Amino acid sequence: MSPLLSAERRSLDASMERAGFYPTLLAEVVHDALDGREPLSHLIHLETHFERTEVHRHITVLVLTEDMLVITHVDDQQLDEAGEQMMAQVSTESVPVTQIRSVVLGYMYAQPQNYKPSDPVREMTLAIAWSGGQRLDMGPAGCADPQCEADHGYTGTIAQEDIVLRVSSEADGAQAVQNAKAFARALRKVNTDTTTAPRPLDTDTRRVPGIGGRFNRAHPQR
């Protein structure tokens with residue numbers, strides 16, 4: 001095990017411990033999903049939602065390896081009013097890096113008219129798409145005339161995304177935004193290196209020129 005990878009693994013464990021969200025359970029689930037792979041980079045995002053008298057927490061752990069993006073979600077829910085009976089729901093997903101279709105980063109800066117290269121990012125959104133699923137946001141269309149009552153139909157946007165994380169310096173801290181940027185750079189590098197690598201020639205194509213190509217079109221490689 002190289003020192004760099006072992007250091008990243010220790011950093012991952014330390015980040016899960018600092019998050020304070022069932023760290024023993026979280027570490028067990030994440031390492032089980034890694035299945036012996038060494039992490040290259042990671043990103044942890046903790047959210048808290050308030051619903052009447054209940055508090056719901058959700059943590060997302062993204063771990064990047066050389067060939068996989070491992071995603072872990074953990075939610076907790078209290079089963080009684082006193083909060084003594086808790087339930088944790090866990091899900092993991094392992095996505096081959098070669099299947100990642102896009103990595104989209106969105107940034108927000110305060111006072112852009114006074115921007116300097118040293119100014120920090122106020123908020124960052126990371127969107128990763130791999131399954132081809134799309135989100136459709138629709139709304140009534142309008143025109144520039146505020147008095148117009150005509151039906152202009154609907155307008156909307158289509159976005160490809162399987163996971164979206166919003167990291168804010170105000171809510172999560174400036175370091176969390178930097179961590180998200182570092183993870184996105186690592187993910188883009190691994191994804192780009194993988195998708196641009198030359199593929200080996202198909203053995204059937206070499207043996208029977210002209211026939212193998214037709215079979216490849218009928219059975220595309222995933």
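Mentor: Start with burial: buried means under 20% relative accessible area, exposed over 50%, and partly exposed in between, using a 1.4 Å probe and protein chains only. Thr60 counts as buried because its relative accessibility is 2%. Before going on, note that this is a predicted model, where local features need pLDDT of at least 70, side-chain atom pairs count only at pLDDT 80 or more, and totals for chains, interfaces and linings use all residues. Residues are numbered from 1 along each chain as its sequence is written, and side-chain values use heavy atoms, with hydrogens and water left out.

Trainee: Which strand does Thr60 lie in, and which residues does Thr60 touch?
Mentor: Strands (E, at least two residues) and helices (H or I, at least four) are DSSP runs numbered from the N terminus. Thr60 lies in strand β2, residues 54-64. Contact means heavy atoms within 4.5 Å. Leaving out residues up to four places away in sequence, Thr60 touches Leu43, Ile44, His45, Thr72, His73, Ile163 and Leu165.

Trainee: How do I read ring pairs?
Mentor: You describe a pair of aromatic rings by the distance of the centres and the angle of the planes. Rings of Phe, Tyr and Trp (its six-membered ring) pair if their centres lie within 6.5 Å; planes under 30 degrees apart are stacked, over 60 edge-to-face, and the rest tilted. The whole structure has 3 aromatic pairs. One of them is Phe21 with Tyr22, tilted, at 4.9 Å centre to centre and 55 degrees between the planes. Phe21 counts as buried at 1% relative accessibility, while Tyr22 is partly exposed at 28%. Tyr109 and Tyr115 form an edge-to-face pair, 5.4 Å centre to centre with 80 degrees between the planes. Ring pairs also link Tyr107, Tyr109 and Tyr115 into a cluster.

Trainee: And what makes a nonpolar core?
Mentor: That's a set of buried Ala, Val, Leu, Ile, Met, Phe, Trp, Tyr and Cys residues joined through side-chain atoms within 4.5 Å. The largest one here has 24 residues, and those with the most contacts inside it are Leu62, Leu69, Ile100, Leu126, Ile128 and Phe183. Helix α4 (174-196) is among the elements that each supply at least two residues of this core; α4 gives the largest share, 6 residues.

Trainee: What does Phe183 touch, apart from residues up to four places away in sequence?
Mentor: Phe183 touches Ser41, His42, Leu43, Leu62, Leu64, Leu69 and Leu126. There's also a second, separate core of 13 residues, including Leu12, Val30, Val61 and Val70.
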